[in-house]
Amino acid sequence: MLTRFTLKNISSQTDVRIPSENIFDLPEKVLQFGTGVLLRGLPDYFIDKANRAGIFNGRIVVVKSTDTGDSSVFEKQDNLYTVCVRGISDGVKIEENIVNASISRVVAAKTEWGKILQCAHNPEMQLIISNTTEVGISFVKDDIWQSPPVSFPGKLLSFLYERYKTFHGSEESGMVIVPTELIPDNGKKLESIVLELAHLNGLEESFMDWLENSNHFCNSLVDRIVPGLPATSLKEALESQLHYKDELLIMAEVYRLWAIESSSERVTKILSFSKVDEGVAIAPDITKFRELKLRLLNGTHTLTCALAILLGHTTVKEAMEDQLITGYMQKLMMNEIIPAVINDHISKEEAMRFATQVLDRFRNPYLDHKWSSISTQYSSKMKLRNLPLLLKYHEKYESNPELVALGFAAYLLIMKLEFDGKIYKGEIDGLTYVMQDDKAGYFAGVWKNTPVEALVEKVLQEETLWEKDLTELNGFSLLVSAKLKALMRDGATATIRNTIKDKTVIQS
């Protein structure tokens, strides 16, 4: 098993990077709420890399906030774990194995809350990171005097109040707080909840001033696929290659991004790990990073999903071996999405570089990303990811994006569903599939009661789906109708081929 002792026994011929002994003596500088693979594969990855370079020089105290899961393996392995980076970058296959030594200890909130509060007394503590799922950043009427408080914001407030008392409200004792939960403006939302809880718990005005003026709550965006513990067969193969067992081993793709919103010199100084990896971006406004991810990565996934399902593909990796799908994706991104997203803050060069990275990520042979997962809550994803893109394109060019319309038509077709008493299912050309979507009942009813000719217009007019009447986009309804009829008449293969055959990729 991987431990600090067995590090010395790892053969020099083994292709794995191991930490030097001095890293284990570094002070604790980070309090991290969450033991999950995303944190270990992204923020902790950056901190470990910086420690190796002699820059950040600090380790992480991890707070286990939930009762689920067994954290004893961290202690058994001296909090060491292997990150196996696998993927494609600029067309080159990457394989790296890194023993991460960034975590100093894991502390359970439920049974060791006193130890967590004691961390507030450490003058070296500078940074708080969290990933408590999106539900974690929500307001709960919490009592911060409990041991521990119930909610994550309650725990955070309790820690900050302990620190305020310990250092008598000194400005330099304030913390940098960077949540990574996948919600917009996560830092500002967390700050507002903590402030509301502070009022609810009757904390003094001087603390409120310190909380607002000496602490920095930063919005952030994380982007890296970290599937976690690989399948047994792959794990055994990796351990055979590494010559040791590791119960905490995780896989991670090559691409990595942690965009952190701040214009503070103090924040930049504390987040010194940003110097060692271009994947960390500290900027006064991170809107462009969110926009690129939402439109080019998530939007492309969503618009391609139904077409891939209609072609019989199960995973993204499998679909990327189909020239029709890759041709559609490339032309969709280059010809329609990029022209819509470029503005004063996003250059065409940035967008094209990101699109190239997206295609590399989709081709990753080590990741099994299922289209059935991508299709979950398909309707809300289509609205969030692609409706703003459609509106922006129409506004800029006074025309309709044909490839977006094709993806939208395919989405309508696989939403032709029937309810069997338990689940909503679809069947097209002998292919059966299950759809998990809050709007599945609506679509089952529309397809049952509406002729195809009128269906598109009816759906596009449904403001409970889109919050606007999309038939107002001149010509879009006719274009989607034509694509839907083609898919039903000629099939997905012929319709995709006929749509993309005469389109060249716009490069300049």
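Predicted model: local features only at pLDDT ≥ 70, side-chain atom pairs only at ≥ 80, totals over all residues.
Started with the charges: I get 57 positive and 68 negative side chains in the protein, with the centres of the two sets 3 Å apart.

Overall fold next. I count 21 helices and 15 strands. The radius of gyration is 25 Å, close to the 23 Å the globule rule gives for 508 residues, so the protein is as compact as a globular protein of that length. I also looked up the extents of the C-alpha trace: about 70 × 60 × 50 Å along the principal axes.

Then burial and surface. Of the 508 residues, 56% count as buried. The accessible surface comes to about 22,100 Å², and carbon and sulfur atoms hold 48% of that. For contacts with a separation of 6 or more, I find that 75% are between residues 24 or more positions apart.

Zoomed in on helix H7, residues 205-214. Which of its residues are buried? I find Phe207, Met208, Trp210, Leu211 and Ser214.

Last stop, Leu303, which sits in helix H10 (residues 287-310). Its relative accessibility is 0%, so Leu303 counts as buried; the cut-off is under 20%. What does Leu303 touch, leaving out residues up to four places away in sequence? My list has Tyr328, Leu332, Met382, Asn386, Leu389, Val404, Gly407 and Phe408. I also checked Leu303 against Ser263: they are 40 residues apart along the chain, and their C-alpha atoms are separated by 35 Å.

Terms used: Residues numbered from 1 in each chain as written. Heavy atoms only, no water. Buried < 20%, exposed > 50% of the residue type's maximum accessible area, 1.4 Å probe, protein only. Helix = DSSP H or I, 4+ residues; strand = E, 2+ residues; numbered from the N terminus. Rg over C-alpha atoms; globule rule 2.2 N^0.38 Å. Contact = heavy atoms within 4.5 Å. Areas by Shrake-Rupley, 256 points an atom, 1.4 Å probe, with all protein chains shown as cover. Lys, Arg positive; Asp, Glu negative; His and termini not counted. Charge placed at Lys NZ, Arg CZ, Asp CG, Glu CD.
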